[in-house]
Amino acid sequence: MDTFFKFRERGTNTRTEVLAGLTTFMTMAYIIFVNPGILSAAGVPFEGAATATAIGAALMCLAMGFITNRPLALASGMGLNAVVTFSVIGFQQANVPWQVGMSVIFAEGLIILVLVLTGLREAVMNAIPLDLKRAIGVGIGLFITLIGLNEGGFIQPNSATLISLGDFTQPYVWVAIIGLLAILMFMALKVKGDILWGILVATAAALLLGITRLPSTLVAAPDFSTFMAPFQTPQGTDSIALLQIFTPALLLMVFAIMLTDFFDTMGTVISVGEQAGFLDKDGRVPGIRNILTVDSVDASVGGLFGASSITTYIESAAGVAEGGRTGLTSVVTGVLFGIAAFFAPVVAMIGGGYDIGNAKHFGQLAGAGFQVPEGAYFMYPITAGALIVVGFLMMRTVSEIPWTNLEEAFPAFLTIVGIPLTYNISYGIGLGFISYVLIKVFHGKARDVHPLMWIVSAAFVVTFILPAVQALFG
């Protein structure tokens with residue numbers, strides 16, 4: 001083991017790597033609870049999503065550990081799961097079947113893999129301005145925060161003011177408040193796995209307040225109903241899901257999600273690599289192609305399993321902080337995720353929705369054309385605090401955007417506010433891209449815009465005006 005993982009060369013040992021892997025798992029484990037809750041809002045079977053989340057993370061952590069020998073852990077990406085649920089599929093299966101949404105993830109992972117293997121991934125990334133890359137992550141962070149505030153009942157739609165303060169007399173709101181305060185307390189005390197411990201505190205509060213109840217059994221066989229999602233035939237259709245993505249809107253989503261996957265992974269690898277000390281003098285990561293190859297494959301695996309896109313996690317830095325320097329850290333994390341797959345009843349108790357029996361919160365969704373189930377509205381108060389905190393953590397790069405530079409800052413600003421306020425990540429990205437190109441033209445710097453930016457911006461313009469054109473010509 002010492003020879004394979006190069007413990008001596010990297011100044012570590014088995015004990016340190018195991019503890020680092022445990023720390024990384026505790027920091028990331030909230031995804032087992034949160035991901036199925038988010039995906040189930042779009043009709044993905046909760047138990048199947050829980051199994052897919054755990055097993056997908058387990059397999060890809062093992063692959064990263066053994067193939068790259070780096071302490072990088074992977075799981076279904078926060079932000080990307082919101083894209084699948086609210087932008088690709090649409091709430092309560094209103095837009096496309098969930099299997100088709102997973103097919104979008106499956107396809108974008110394959111495209112990224114091709115770009116990695118041909119060496120084009122870095123070239124494509126260079127076409128997107130750095131500050132727009134940062135803004136996408138920040139905008140998704142705000143989007144996740146908005147979802148968490150809504151799911152916890154902190155806010156609610158209002159016909160006069162769009163949104164207003166939630167009803168703090170409701171017990172589910174207090175569950176969310178207790179969970180959020182617990183996470184903040186654990187973060188202040190520097191407790192490892194602060195988000196996970198906060199979720200457990202919220203679970204205890206939910207049990208006491210009658211929001212959830214203990215499962216009849218702790219262990220259950222994994223549910224594989226979401227596996228091979230792209231090759232399932234959704235109900236009411238006559239072809240497999242993968243063949244149904246070839247529409248302009250869904251192909252655009254493939255590209256938009258691919259961009260998000262691009263930037264999230266590269267930023268994570270560089271950030272964790274710098275902390276772990278394995279960047280070279282030019283700031284490059286040795287063996288980066290192997291890392292990107294595994295990361296590209298895991299995106300497709302996420303779509304194949306029905307777990308949304310699996311990606312490299314910034315929480316890997318927690319294990320690195322504990323001394324993790326080799327792939328054994330990731331392997332240990334993967335083993336723990338695999339064990340978690342057999343505890344679906346516990347996951348359902350913690351991450352499942354709470355039916356408040358009132359559809360009033362659906363006002364905005366109904367106005368947007370989504371189908372509203374009569375007399376039922378599900379909240380996710382136990383994990384709401386985790387969503388809010390994860391959104392906060394994704395905001396950190398906002399300080400790196402040059403806010404005094406109009407050419408860079410305004411497109412970034414539109415991206416950041418556009419993603420949560422349109423409730424659509426690709427629309428926010430489109431607003432940022434289009435404004436970037438236009439401002440460069442206004443400043444007489446059209447030649448500074450990469451050709452790919454022109455193409456992508458034109459595609460977004462078509463997307464925005466297409467409904468008006470369809471209405472005009474019937």
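## Helix H17

Is helix H17 largely enclosed by the rest of the structure or largely exposed, and how many of its 13 residues are buried? In this predicted model, 11 of the 13 residues of H17 are buried, so the helix is largely enclosed by the rest of the structure. The buried residues are Pro 381, Ile 382, Thr 383, Ala 384, Gly 385, Ala 386, Leu 387, Ile 388, Val 389, Val 390 and Gly 391.

H17 covers residues 381-393. The distance from its first C-alpha to its last is 19 Å, close to the 18 Å expected at 1.5 Å a residue.

## Salt bridges around Arg 134

The structure contains 5 salt bridges. Arg 134 takes part in one with Asp 131, with an N to O distance of 2.9 Å. Both residues belong to helix H8 (residues 130-151), where they are 3 residues apart, about one turn of the helix. Asp 131 has a relative accessible area of 8%, under the 20% limit, and therefore counts as buried.

Arg 134 also meets the side chain of Glu 400 in a salt bridge, at 3.4 Å from N to O. Glu 400 is in the loop between H17 and helix H18 (406-421), while Arg 134 is in helix H8, so this pair ties together parts that are 266 residues apart in sequence. Glu 400 is partly exposed, with a relative accessible area of 43%.

Glu 407 and Lys 440 form a salt bridge in which the closest N and O atoms are 2.8 Å apart. Glu 407 sits in helix H18 and Lys 440 in helix H19 (residues 425-442), so the pair ties together parts that are 33 residues apart in sequence.

Both partners are buried: Glu 407 has 9% relative accessibility, and Lys 440 has a relative accessible area of 7%. The two residues are part of a network of salt bridges that links Glu 407, Glu 408, Lys 440 and Lys 445.

## Nonpolar core

The largest nonpolar core has 122 residues, and among these Met 78, Phe 337 and Phe 433 touch the most other members. Helix H11 (residues 248-276) supplies the largest share of this core, 12 residues.

Apart from neighbours within four places in sequence, Phe 433 is in contact with Ile 128, Leu 132, Leu 259, Met 453, Val 456, Ser 457 and Phe 460.

Helix H2 spans residues 14-28 and includes Thr 23. Thr 23 is buried, with a relative accessible area of 8%. Leaving out neighbours within four places in sequence, the contacts of Thr 23 are Lys 192, Ala 318, Gly 319 and Glu 322.

## Aromatic groups

There are 14 aromatic pairs in the structure. One of them joins Phe 25 and Phe 337 in an edge-to-face arrangement, 5.0 Å centre to centre with 80 degrees between the planes. Phe 25 lies in helix H2 and Phe 337 in helix H14 (residues 327-340), so the pair ties together parts that are 312 residues apart in sequence. Phe 25 counts as buried at 13% relative accessibility, and Phe 337 counts as buried at 0%.

Phe 4, Phe 5, Phe 7 and Phe 66 make up one aromatic cluster. The ring of Phe 278 has the charged end of Arg 70 over it, 4.1 Å from the ring centre.

Technical notes: Residues numbered from 1 in each chain as written. Predicted model: local features only at pLDDT ≥ 70, side-chain atom pairs only at ≥ 80, totals over all residues. Heavy atoms only, no water. Helix = DSSP H or I, 4+ residues; strand = E, 2+ residues; numbered from the N terminus. Expected span 1.5 Å × (residues − 1). Buried < 20%, exposed > 50% of the residue type's maximum accessible area, 1.4 Å probe, protein only. Salt bridge = Lys/Arg side-chain N within 4 Å of Asp/Glu carboxyl O. Core = buried A, V, L, I, M, F, W, Y, C linked by side-chain atoms within 4.5 Å. Contact = heavy atoms within 4.5 Å. Phe/Tyr/Trp six-rings, centres within 6.5 Å; stacked < 30°, edge-to-face > 60°. Lys NZ or Arg CZ within 6 Å of the ring centre and 35° of its normal.
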